[in-house]
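Please look over the sequence and the model shown below before reading on. The paragraphs after it begin with a group of aromatic rings and then widen to the chain as a whole.

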Amino acid sequence: MLAIEVPVSKLWTDMAVSLALGIYFGLSSLMFDIERWSRLKQTVIHGLTSLAVFFPTAIRLNWIPLDRGVMMTCLLIFLTIYVLFWFCAWWYYKRLAQSMNEIVKK
């Protein structure tokens with residue numbers, strides 16, 4: 001087993017920032033409740049805002065090193081996960097609408 005020592009102040013800082021990011025991501029989902037925006041606009045604004053909040057924070061706290069290759073890899077992973085979540089939500093709600101429509105037809 002690898003023993004890693006972390007200063008308590010770093011641990012508390014990382015936990016506090018993780019909590020703040022969790023709160024941001026929880027509240028930012030409210031963007032999808034703005035009915036006058038199209039689904040595309042909601043998704044793009046949420047995605048860009050999430051990138052603008054997460055990446056500077058992660059770089060500042062040294063969660064992501066200032067290395068172009070590492071940053072591009074992290075960006076690719078972030079976008080892949082974001083698109084995957086979006087696609088799964090789209091598919092789920094499409095299936096839900098189909099099942100509700102079938103119930104109404106009966």
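**An aromatic cluster and its surroundings**

Ring pairs join F54, F55, F78 and Y82 into a cluster, where rings of Phe, Tyr and Trp (its six-membered ring) pair if their centres lie within 6.5 Å, and where planes under 30 degrees apart count as stacked, over 60 as edge-to-face and the rest as tilted. The model is a predicted one, in which local features need pLDDT of at least 70 and side-chain atom pairs count only at pLDDT 80 or more, while totals for chains, interfaces and linings use all residues. Residues are numbered from 1 along each chain as its sequence is written, and side-chain values use heavy atoms, with hydrogens and water left out.

By the ring rule, the count comes to eight aromatic pairs. One of them is formed by F54 and F78, which are stacked at 5.9 Å centre to centre with 15° between the planes. F54 lies in helix α2 (residues 39-60) and F78 in helix α3 (residues 68-105), so this pair ties together parts that are 24 residues apart in sequence; the helices (H or I, at least four residues) and strands (E, at least two) are DSSP runs, numbered from the N terminus. F78 also forms an aromatic pair with F55, and this one is edge-to-face, with 5.9 Å centre to centre and 70° between the planes. Because F55 lies in helix α2 and F78 in helix α3, the pair ties together parts that are 23 residues apart in sequence. F78 is buried, with a relative accessible area of 15%, and F55 is buried as well, with a relative accessible area of 10%; buried means under 20% relative accessible area, exposed over 50% and partly exposed in between (1.4 Å probe, protein chains only).

Helix α2 also holds H46, which counts as buried at 8% relative accessibility. Leaving aside its neighbours within four places in sequence, H46 is in contact (heavy atoms within 4.5 Å) with Y24, S28, S29, M31, F32 and Y82. Of these, Y82 is also a member of the ring cluster.

In the loop between α2 and α3 lies N62, which is exposed, with a relative accessible area of 63%. Its phi is near 65°, a positive value in a residue other than glycine. Most residues other than glycine have a negative phi.

Further along, W90 has its place in helix α3 and counts as partly exposed at 38% relative accessibility. The C-alpha atoms of W90 and S18, which are 72 residues apart along the chain, are separated by 27 Å.

Turning to the whole chain, the secondary structure comes to three helices and zero strands, following the pattern α-α-α when read along the sequence. The radius of gyration, taken over C-alpha atoms, is compared here with a globule rule of 2.2 Å times the number of residues to the power 0.38. For this protein chain the radius of gyration is 19 Å, well over the 13 Å that the rule gives for 106 residues, so the chain is more spread out than a compact globule. Taken along the principal axes, its C-alpha atoms fill a box of roughly 65 × 30 × 25 Å. Of the 106 residues, 17% count as buried, and residues 24 or more positions apart account for 48% of the contacts with a separation of 6 or more.
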